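Dear colleague,

Please find the structure below, handed over for your files. The notes that follow set out what was found in it.

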Amino acid sequence: MGSKFDVVVIGGGPAGYVAAIRAAQNGLSTACIDAWVGSDGEPSLGGTCLNAGCIPSKALLESSELYHRARHDFGNHGIRLGEVGLDLAAMQARKEAIVSKLCGGIQGLFKANQVSSLAGHGRLLPGNKVQFTPRAGEPQLLEADHVILATGSTPTGLGSLPFDGERVVDSAGALAFAAVPRRLGVIGAGVIGLELGSVWRRLGAEVTLLEAMDRFLFMADGQIAREAERQFRRQGLDIHLGAKVQSGERTAGGVRLRYDDRQGSHELEVDQVIVAVGRRPCTGELLDPLAGVALDERGFISVDDHCRTTAANVWAIGDVVRGPMLAHKGSEEGVMVADLVAGRYGHVNYAVIPSVIYTTPEIAWVGRSEEDLKAAGVAYKAGTFNFAASGRARAMDQAAGLVKVLADAVTDEILGVHICGPMAGELISEAVVAMEFQGTAEDLQRTIHAHPTLAEAVHEAALSVDRRAIHAINR
Ligand code: FAD
Ligand code: NAD
């Protein structure tokens, strides 16, 4: 391996590995340094997303949902089972196998694209030099025309309740429980709290979520959030809003949490606690102070709209920079930067990034919520359609929830689409494409949707924008 590259990427998560592959596709000699070590003690590409985030959480969400449905819903279909049992070790082993297969797949893609994969730590030095410290061996100096920083994020802890890896865990710990906790506390009813709270609730835990904000899922459209909250409460998730945790202490059998809400002070005894109050950018040890890369006031690497940092030819992408902490957002930034570096066109449309929460029902949205539009004084039209009137949703026995389409009152351009319901994460792609093409509600109305599909609910919601839905009473 030479020590001079066109591009050195630090971080091999969905932002960094995608940037490295695209840079190599563009004909640039590329190295990717990544520090992640898998559960087998070996280097494992894919970052948080593949190793301890998107993929393992979705594997457990799928398994736990099937378990729950087998126990509670199959009877509705006329399927009688004997006793349904849980083999958590097998469920976890399946999850690990998926992770290992996909992480190995990235290694294969690196080989095929001739990306040099370097296992160890990277540190940016002045003058576009990178110090690479391998897992075993002496540090080496690499030179690069361009350096892309993609070191991701790590969980934020609570000073009053430090992680101990046993009773008080972060999301990675909660993905690896070897037994189902009887009483599980979750601090933070955000994306991780709801997804992992759902996993353990379906597997039998009593789950209590303590959320500091007064409004449930404040980042989602209010109508959608209200519907989701109603469904989650029906599933037995015990959600406390406006709950501020004051302290937590280890007891013989678990953890005692003290929290305040509008009703006063409370104590909650649980066996284990997941702290899921957000994540912070990973910049420690990454930047030599003389490298010239500035951080913003929240500790993220400062970048412009094209992910340029304050140092020449140094770029930063993914969770370590501003914007939503989502794998697909980081990957698109990686593609943009690798194309710009190669002298091609590159752009990320930050206004059209979909968000998905993989609970049951799923929650997905793109664009602006009704609250955003009201606050901005934009005149809009809203159309909704309930899955209760969808033949496919009924056939699936998953008819809870709705689709909501928001369009400009004057131009009819689609401004936001919000879904709470089955396969919302898949359905939202249609809205993303429509918005990327600056489509109107009428464009969706005139698009033929196969019958019977869940996507018909998106069609009907678009029709409802102009009070022309066929399978609903237009009010
Ligand atoms: P990371 O994936 O964090 O990768 C950064 C990599 O850089 C890591 O491998 C790290 O070890 C390495 N690194 C750090 N410092 C150095 C260094 N100095 N030298 C070398 N290597 C270094 N997002 C979604 O879009 N959909 C989901 O369903 C989803 N589910 C999630 C579930 C959970 C439980 C969690 C925790 C997150 C989830 N996310 C999801 C968020 C998603 O994982 C992140 O947005 C995404 O991984 C960010 O990608 P990244 O490449 O910026 O950083
Ligand atoms: P989050 O920002 O989604 O939620 C954190 C929640 O904790 C918020 O509701 C916040 O109000 C609450 N909170 C903060 N401090 C608190 C306190 N002291 N007490 C009680 N509640 C408190 O963060 P997260 O759930 O930790 O997820 C981290 C990131 O990972 C998110 O940015 C998310 O985008 C990403 N992620 C995405 C997915 C997905 O796309 N499906 C899944 C998991 C994680």
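A polar contact is here a pair of N or O atoms within 3.5 Å; within protein, one atom must be able to donate a hydrogen and the other to accept it, and residues adjacent in sequence count only if both atoms are side-chain atoms. The model is a predicted one, in which local features need pLDDT of at least 70 and side-chain atom pairs count only at pLDDT 80 or more, while totals for chains, interfaces and linings use all residues. Residues are numbered from 1 along each chain as its sequence is written, chains are lettered from A and ligands numbered from 1 in the order in which they are written, and side-chain values use heavy atoms, with hydrogens and water left out.

Ligand 1

Taken alone, ligand 1 exposes 990 Å², of which the protein buries 92% (accessible areas come from the Shrake-Rupley method with a 1.4 Å probe; for residues, only the protein chains shown count as cover).

The shell around ligand 1 holds 36 residues, and the closest are D34, T48, K58, D319 and A327; a residue is counted as near if one of its heavy atoms lies within 4 Å of the molecule or strand in question. Five elements each supply at least two residues of this shell: β2 (30–34), α2 (47–52), α3 (54–72), β3 (116–125) and α8 (327–341). Helices (H or I, at least four residues) and strands (E, at least two) are DSSP runs, numbered from the N terminus. Helix α2 gives the most, with 4 residues. By residue type, the shell divides into 15 nonpolar, 17 polar and 4 charged, where Ala, Val, Leu, Ile, Met, Phe, Trp, Tyr, Cys and Pro count as nonpolar, Asp, Glu, Lys and Arg as charged, and the others, Gly among them, as polar.

Ligand 2

Around ligand 2 there are 22 residues, the closest being I192, E195, E211, G278 and V356. Polar backbone atoms meet this ligand at several points. An oxygen atom of ligand 2 is 2.9 Å from such an atom of I192, and a backbone N or O atom of M325 lies 3.1 Å from an oxygen atom of the ligand. At V356, a polar backbone atom is 2.7 Å from a nitrogen atom of ligand 2. The accessible area of ligand 2 on its own is 840 Å², and the protein covers 77% of it. Helix α6 (residues 191–202) provides the largest share of the shell, 3 residues. The shell divides into 15 nonpolar, 3 polar and 4 charged residues.

L149 lies in strand β5 (residues 140–149). With 0% relative accessibility, L149 counts as buried (buried means under 20% relative accessible area, exposed over 50%, and partly exposed in between, with a 1.4 Å probe and protein chains only). Not counting residues up to four places away in sequence, L149 touches I10, L124, L286, L287, V293, I301, V314, W315, A316, I317 and V320, a contact being heavy atoms within 4.5 Å.

The whole structure contains 2 aromatic pairs; rings of Phe, Tyr and Trp (its six-membered ring) pair if their centres lie within 6.5 Å, and planes under 30 degrees apart count as stacked, over 60 as edge-to-face and the rest as tilted. The rings of F216 and F232 have centres 6.1 Å apart and planes at 70°, so this pair is edge-to-face. The two residues are 16 apart in the chain, F216 being in the loop between β9 (206–210) and α7 (222–234) and F232 in helix α7. Both F216 and F232 are buried.

Backbone geometry

L217 is also in the loop between β9 and α7. Although not a glycine, L217 has a positive phi of about 40°, and its relative accessible area of 3% makes it buried. R467, in the segment after α13, has a positive phi of about 55° and is not a glycine either. R467 is partly exposed, with a relative accessible area of 40%.

A cis peptide bond joins T360 and P361, with omega about -5°; P361 is in the loop between β17 (355–357) and β18 (362–367). Another cis peptide bond joins H451 and P452, where omega is about -5°, and P452 lies in the loop between α12 (441–445) and α13 (455–465).

With kind regards
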